[in-house]
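Open the model in your viewer and keep the selection panel at hand.

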Amino acid sequence: MSLSTANLTSIANASTQEDYSCEQATSDLQCINDRSAAFNLQEWRQLERRRLIGVRKNLTPRQRAQFTGDISQYLERLLGGATDQTISFCWPFKGEPDLRDLMARLSQRNNSIALPVVEERSQPLIFKSWRPGEALDRGVWNIPVPRAGKTVLPDIVLAPVVGFDPCGFRLGYGGGYFDRTLAAMAHIPIKYGVGYTISKIATIHPQTHDIPMNAVVTESGVMWPQLQQLGMSAPSANLSGLGSRNARRRNCSMRRI
Ligand SMILES: Nc1nc2c(c(=O)[nH]1)N(C=O)[C@@H](CNc1ccc(C(=O)N[C@@H](CCC(=O)O)C(=O)O)cc1)CN2
Ligand SMILES: Nc1ncnc2c1ncn2[C@@H]1O[C@H](COP(=O)(O)OP(=O)(O)OP(=O)(O)O)[C@@H](O)[C@H]1O
């Protein structure tokens with residue numbers, strides 16, 4: 001038996017409430033698992049993505065501009081001292097924050113800007129260097145990609161979020177591209193999620209392949225995941241398929257520091 005769309009939607013809605021904790025979300029999932037072995041996490045994620053992109057698209061142009069300005073400022077402060085760093089950004093897509101001005105400012109300060117390219121579906125992304133003003137081509141999903149940049153490995157990866165949770169896990173568009181890419185990189189870059197506060201949910205129900213961000217930057221500030229003490233009323237292992245690599249990140253809060 002699979003869960004009805006109405007049930008999934010009510011769980012998705014409940015999980016957006018501020019006082020709805022990771023623990024609560026996990027025990028709800030246990031409940032669902034008890035009732036139906038067929039709880040479909042992929043289906044749940046798909047619904048959550050659709051809902052969160054809808055919420056994001058409902059921001060007014062004025063709100064979006066205001067939030068984007070605040071996010072850029074927090075990011076600039078966070079990366080302020082950066083020189084000689086390779087920083088990957090994303091060309092704005094589907095209502096993501098538009099960080100093109102920040103790309104230009106950081107580029108002027110001797111950093112290299114890179115943009116991700118989907119060379120092959122379901123494979124890691126590659127990053128190509130790009131300077132503001134240089135030619136772009138239309139890539140997969142029509143997202144602009146550098147025409148002539150060389151392939152680089154970023155020191156800092158800025159990853160737009162469709163959703164994020166207090167443990168710093170992100171939900172993207174469902175291709176698994178950032179997770180695949182980060183898993184394949186020989187040297188581990190600093191990873192910052194970038195998005196709006198309205199995209200925060202109680203948990204993305206992380207799986208073994210999900211790689212958490214070091215911090216998530218929103219218009220409210222730089223949010224750092226804080227792990228709660230282990231062993232505190234942690235439900236039994238293996239809920240929602242949480243792999244051992246991510247098992248420590250079950251119960252977190254986020255702090256602005
Ligand atoms: N601005 C930006 N550029 C980016 C990313 C991103 O998150 N933001 N990516 C980060 O990875 C890569 C592109 N990833 C994407 C993955 C899926 C879809 C997409 O639209 N997918 C379809 C179907 C998804 C599905 O399989 O269910 C859709 O949503 O209709 C778009 C971009 C590289 N460039
Ligand atoms: N390292 C990996 N190796 C192989 N498959 C992976 C890896 N990471 C993720 N995937 C697969 O990609 C699919 C989508 O993953 P997920 O739901 O985490 O996407 P997402 O985080 O929303 O997307 P994205 O990372 O592109 O923003 C899943 O089926 C998952 O198994």
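Start with the largest pocket, which holds about 860 Å³ of space. This is a predicted model, where local features need pLDDT of at least 70 and side-chain atom pairs pLDDT 80 or more, while totals for chains, interfaces and linings use all residues. Residues are numbered from 1 along each chain as its sequence is written, chains are lettered from A and ligands numbered from 1 in the order written, and side-chain values use heavy atoms, without hydrogens or water.

A pocket here is an open set of points on a 1 Å grid over the protein atoms alone, where a 1.4 Å probe fits, with protein on both sides within 12 Å along at least five of seven lines; lining residues have an atom within 4 Å of a point. Its volume is the space filled by probe spheres set on the points, which are joined across faces, edges and corners.

**Stop 1: the lining of the largest pocket**

Now colour by element. Helix H3 (41-57), helix H6 (177-184) and strands S2 (112-117), S5 (144-146) and S9 (170-171) each supply at least two lining residues. H3 gives the most, with five. Helices (H or I, at least four residues) and strands (E, at least two) are DSSP runs, numbered from the N terminus.

Next, colour by class. The lining has 20 nonpolar, nine polar and eight charged residues. Nonpolar covers Ala, Val, Leu, Ile, Met, Phe, Trp, Tyr, Cys and Pro; charged covers Asp, Glu, Lys and Arg; the others, Gly among them, are polar.

**Stop 2: ligand 1**

Select ligand 1. Which pocket does ligand 1 sit in? The largest one; to sit there, more than half of a molecule's atoms must lie within 2 Å of the pocket's grid points. Show its shell of 14 residues, with Trp91, Glu96, Tyr173, Tyr177 and Phe178 the closest. A shell residue has a heavy atom within 4 Å of the molecule. By class, this shell has 11 nonpolar, one polar and two charged residues.

Then check the polar contacts, pairs of N or O atoms within 3.5 Å. A polar side-chain atom of Glu96 is 2.7 Å from a nitrogen atom of ligand 1. Polar side-chain atoms of Lys94, at 3.4 Å, and Gln46, at 3.5 Å, each lie by an oxygen atom of ligand 1. Alone, ligand 1 exposes 680 Å², and the protein buries 75% of that. Such areas come from the Shrake-Rupley method with a 1.4 Å probe.

**Stop 3: ligand 2**

Move to ligand 2. Ligand 2 also takes up space in the largest pocket. Its shell has 17 residues, and Arg49, Gly172, Gly176, Tyr177 and His209 are the closest. H3, S9 and H6 each supply at least two of the shell residues, and H6 gives the most, with five. The classes are five nonpolar, six polar and six charged.

Display the contacts to oxygen atoms of ligand 2. A side-chain N or O atom of Arg45 is at 3.1 Å. A polar backbone atom of Phe178 is at 3.1 Å. A polar side-chain atom of Arg180 is at 3.5 Å. On its own, ligand 2 has 650 Å² of accessible area, and the protein covers 74% of it.

**Stop 4: the second largest pocket**

Finish at the second largest pocket, with a volume of about 220 Å³. Select Asn111, Ser112, Ile113, Ser129 and Arg131, which lie nearest its centre among 14 lining residues. This lining divides into four nonpolar, seven polar and three charged residues.

Methods
A polar contact is a pair of N or O atoms within 3.5 Å; within protein, one must be able to donate a hydrogen and the other to accept it, and residues adjacent in sequence count only if both atoms are side-chain atoms.
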